[in-house]
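These notebook entries record what I looked up in one structure.

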Amino acid sequence: MASCDIRGSSPGSRELEVLDVARKLTEIHAVLLTGGSAFGLAAADGVMSWLAERDVGYRTPIAVVPIVPAAVVFDLGSGNPAARPDASAGRTACDAASASVATGAVGAGTGCTVGKWAGREFASPGGLGIAHASEAAWEASALAVVNAVGDVLADDGTVVAGTTASTKEYHPPLPEGAFDKENTVLAVVAVNAVLEKREVQWLAARGSDGITISVRPAHTRYDGDVVFAIAAPGPVAGPQDLDVLGHLATRAVAEAVRNAVRP
């Protein structure tokens, strides 16, 4: 079961509408987070073909159709803007999938930066991060791709990574025109619970809260933030504690954001 929460004003995405609670589809078969702005959405074609070859997808009388929601970060200002993920990159990602994933400036996080609220020239490296949170039998795991306007903050409010400008703290109002206008934080949070689609959408919103508390400023008009949430059956039978799961989703996403920029 999957859904999503969109806090950004300008998300680059594919197949997000099917995740809305008003749509009947409840299954997905992969989630793609990628760089390359809208060009990078082409990588989803490779993920789809990889799954279709393995007979994984939504079954229709005519064909098996993999459902692959995707979202992108705008990282064309870093490195070579012509180096854009394509279908072959999507297939390569599927082939390379494992339980051990590198973090930092890898994968979709390769060209990411943070701390651009005082100007791109003062940015610090962003990246890809992973984190886990658990309580009793409940677990949440999150992966985040961090390319934010804002600085990344620790629990105590200190800056983990952010602007290198001489003024290290955010003091509104922001300088007019200072923003780099192409930014986004993407995340996927997964929990071990049997949930309805509306509950999973609520869980995605709690994942977005993890961005809110770990990035300052967060969810600006210049960010395209999207959080996906996924629920798969876990060890707890009977009623599922959605409030505990929401708390874990927030914690996991916040820590994944921080881990994306830690050395």
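Is Cys94 buried or exposed? I find Cys94 buried, at a relative accessible area of 16%; buried means under 20% and exposed over 50%, with partly exposed in between, for a 1.4 Å probe and protein chains only.

**Basis.** I note that the model is predicted, so that local features need pLDDT of at least 70 and side-chain atom pairs count only at pLDDT 80 or more, while totals for chains, interfaces and linings use all residues. Residues are numbered from 1 along each chain as its sequence is written, and side-chain values use heavy atoms, with hydrogens and water left out.

**Cysteines.** I looked for disulfides, defined as pairs of cysteine sulfur atoms within 2.5 Å, and the structure holds 0. The closest cysteine sulfur to that of Cys94 belongs to Cys112 and is 19 Å away, too far for a bond. Cys112 is in no disulfide either, as its nearest cysteine sulfur, that of Cys4, is 19 Å away. I recorded Cys112 as buried, at 4% relative accessibility.

**Cores.** I next searched for nonpolar cores, sets of buried Ala, Val, Leu, Ile, Met, Phe, Trp, Tyr and Cys residues joined through side-chain atoms within 4.5 Å. The largest has 36 residues, and Val146, Val189, Val191, Leu195 and Val257 have the most contacts inside it. Elements supplying at least two residues each to this core include strand E10 (138-147), strand E13 (184-192), helix H3 (197-214) and helix H4 (242-261); helices (H or I, at least four residues) and strands (E, at least two) are DSSP runs numbered from the N terminus. H4 gives the most to this core, with 11 residues.

Beyond its neighbours within four places in sequence, Leu195 is in contact (heavy atoms within 4.5 Å) with Met1, Val200, Leu203, Ala231, Gln240, Leu242 and Leu245. Another core lies apart from the largest one and has 15 residues, among them Cys4, Leu33, Val73 and Leu128.

**A polar side chain.** I located Asn147 in strand E10. Asn147 is buried, with a relative accessible area of 1%. A polar atom of the Asn147 side chain lies 2.9 Å from the backbone nitrogen of Thr113.

**Rings.** I then checked for a charge over a ring, which requires NZ of Lys or CZ of Arg within 6 Å of the ring centre and within 35 degrees of the ring normal. The charged end of Arg54 sits over the ring of Trp50, 3.8 Å from its centre. Arg84 lies over the face of Phe39, 3.6 Å from the ring centre.

Conventions: A polar contact is a pair of N or O atoms within 3.5 Å; within protein, one must be able to donate a hydrogen and the other to accept it, and residues adjacent in sequence count only if both atoms are side-chain atoms.
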